[in-house]
Amino acid sequence: MRVRKLLQLNWFGGLAGWAWLAIVLIPLYWIVVTSFKDQSAYFTQNPFALPSAPTANNYQLVIQSDFPRYFLNSVIVTAGTIIPAVAISFMAAYAIIRGAGSRFLAGVNGLFLMGLAIPLQATIIPVYLLIIKMRLYDSLLALILPSIAFSIPLSVLVLANFIRDVPKELFESMRVDGATEWGMMRKLALPLTRPALVTVSIYNGLGVWNGFLLPLILTQSPDKRTLPLALWTFQGQYSVNVPAVLASVVLTTLPIVILYAVSRRQLLSGLTAGFSR
Amino acid sequence: MVLPALLLFVVFGVVPLVGVLVLSFTQWDGLGAIHAAGLSNWKSVLTDSQLPHSILVTFEIMILSWAVQTPMSLLLGTFLAGRQRYRAFLAVLYFIPLLLSSAAIAITYKALLDPNFGLGAGLKIGFLTQDWLGQSNLAIGVVIFIVSWQFIPFHSLIYQGGVRQIPTTLYEAASIDGAGRVRQFFSITVPQLKYTIITSSTLMVVGSLTFFDLIFVLTAGGPGDATRVLALDMYKRGFMSNQMGPASVIAALIVLLGLALALLLRRLGGSTTASQQEGA
């Protein structure tokens, strides 16, 4: 059977697969190559040619701007969102699965599921009002709190799916040994759910790192900008200097690419498992 | 244990959801006091000619990008579900566009498609040197292409997971009956992926209501109002024209639209709790 399957090569899927690879990689290649060209090479050289005189000037220009500040802001907002978001989502998912049968918890779960179906970005105007009233406007905390809330529905869903798979007998035997619910959550559910926790953290982290709408609306001062917003303003300032703009694109994406390179196996398997059940 | 999550979600999710509706009946410039305004915002928004246009553009982008992404993701997902090593390698590379922010992607494509200095001019390919973002229909096409570029990888991963869960016995039985690969794809793979298709489509359709960053940075809604989707309409009315009331009307419409579409898709999937669980 396996041999037969291999012989019947899925050539159409294969063709689409390699064609798609080209579509994905061509723009990415162009970004990187161009970011190492100076302006005159950008205007005169073939766009796909390697730079004849590679230069790091563009990167220098970007780093000497306030880039480190924006970078730090992005790190603070992302870490400040994910750690609490994943912790409270895990606790909520655990309670929902362990308390199956409780009408209250079923209702809470329903509320979170509804959050999945509703484009929460559409609630940005009241969120803006709320942040002003809380006197948090133009602070990094203004970005963190709504980001946590927005990442709860999906996190709870994925984590609950994983906790559901923990065999009931394990809980029973721990209970017999006198473990509390809190102890079972920490010593049993937490280690067994680790892959899902990593997946959810990376997925939400990606969303926050790349977030644009919240920083655009909830902050104002240049020193509160996160990377995507900084990228946009940088583009406005240096619109004639495309290679420099592309260097800033590379620099804002690089940390994520490195993180992805380290954790991709986990992320990809977690995503395919998390969404398809 | 559920309380911290519930509290934050209620404060920043549920309260604003109700708040949108409340604010849609008020007048507020974003800074000063808020005044009750009765039905006036709804009347003025529902009768102004911008609204049907924004709705039309939103649906155009939603439907066309769904129609491009779904078959392509299904095909790639099925292909990636094979266990060969090089397919796993392809899946790794496919994921990269998802790592870039929409702002970064929009900035990149803007430069890439520049009629004077972009790819077309550099390669001297006439077709590519069109003013892609300066003509209404082309600009919408570019948005759909970029959205597909960004999200097909994600949806093909979802399909990949779905295909892997189809029992191989189904395929064995089918090939004993003499069904070829194409037949197997349409008679087994696609029907077995019903819930995965619903999940993926829901994410696509509801997600498309929130395409803001990409379009804002790429075209800012232009040329003219050609790519002014509802989310952008909301932003422009609220945060550029300082009319939070009318903007809240648009926001309420986006929420209602998202909810209606999600329910419709769930209905299509057969609405038992078990199937929702599987589908989600």
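B:Asp233 is buried, with a relative accessible area of 0%, where buried means under 20% relative accessible area, exposed over 50% and partly exposed in between (1.4 Å probe, protein chains only). Its side chain meets that of B:Arg228 in a salt bridge, 2.8 Å from N to O; the term stands for a side-chain nitrogen of Lys or Arg within 4 Å of a carboxyl oxygen of Asp or Glu. B:Arg228 is buried too, at 13%. Salt bridges that share partners join B:Asp48, B:Asp225, B:Arg228, B:Asp233 and B:Arg237 into one network.

Before going on, some bookkeeping: this is a predicted model, so local features need pLDDT of at least 70 and side-chain atom pairs count only at pLDDT 80 or more, while totals for chains, interfaces and linings use all residues. Residues are numbered from 1 along each chain as its sequence is written, chains are lettered from A and ligands numbered from 1 in the order in which they are written, and side-chain values use heavy atoms, with hydrogens and water left out.

B:Asp48 and B:Arg237 form a salt bridge at 3.1 Å, N to O. This pair links distant parts of the chain, 189 residues apart: B:Asp48 sits in the loop between helix H2 (40-47) and helix H3 (50-80) of chain B, and B:Arg237 in helix H12 of chain B. (Helices, H or I of at least four residues, and strands, E of at least two, are DSSP runs numbered from the N terminus.) B:Asp48 counts as partly exposed at 24%, whereas B:Arg237 is buried at 10%.

How many salt bridges does a search of the whole structure find over all chains? The total is 7. Across the interface of chain B and chain A, though, the rule finds 0. One of the bridges in chain A pairs A:Lys224 with A:Asp223, the closest N and O atoms being 3.7 Å apart. Both partners are partly exposed, A:Lys224 at 22% and A:Asp223 at 37%.

So what does the interface look like? Chain B and chain A bury about 8,400 Å² between them, 80% of it on carbon and sulfur atoms; buried area is the accessible area (1.4 Å probe) that two parts lose on being put together, summed over both. B:Met1, B:Phe9 and B:Phe12 supply 10% of the area that chain B buries against chain A, more than any other three residues. The contact (heavy atoms within 4.5 Å) takes 98 residues from chain A and 90 residues from chain B.

Zoom in on helix H5 (residues 67-98) of chain A and helix H1 (residues 3-23) of chain B: they pack at an angle of about 115 degrees, with axes 7 Å apart. Axes here are lines fitted to C-alpha atoms, for helices over the stretch in contact, and angles run from 0 to 180 degrees between N-to-C directions. A:Ile88, A:Met91 and A:Ala92 meet B:Pro4, B:Ala5 and B:Leu8.

A:Ala92 is also among the residues that A:Phe112 touches, along with B:Ala5, B:Leu6 and B:Phe9. A:Phe112 is one of the members with the most contacts in the largest nonpolar core, which has 173 residues. Such a core is a set of buried Ala, Val, Leu, Ile, Met, Phe, Trp, Tyr and Cys residues joined through side-chain atoms within 4.5 Å.

Finally, the backbone. The peptide bond from B:Gly222 to B:Pro223 is cis, with omega near -5 degrees.

Key: Lists of a residue's contacts leave out its neighbours within four places in sequence.
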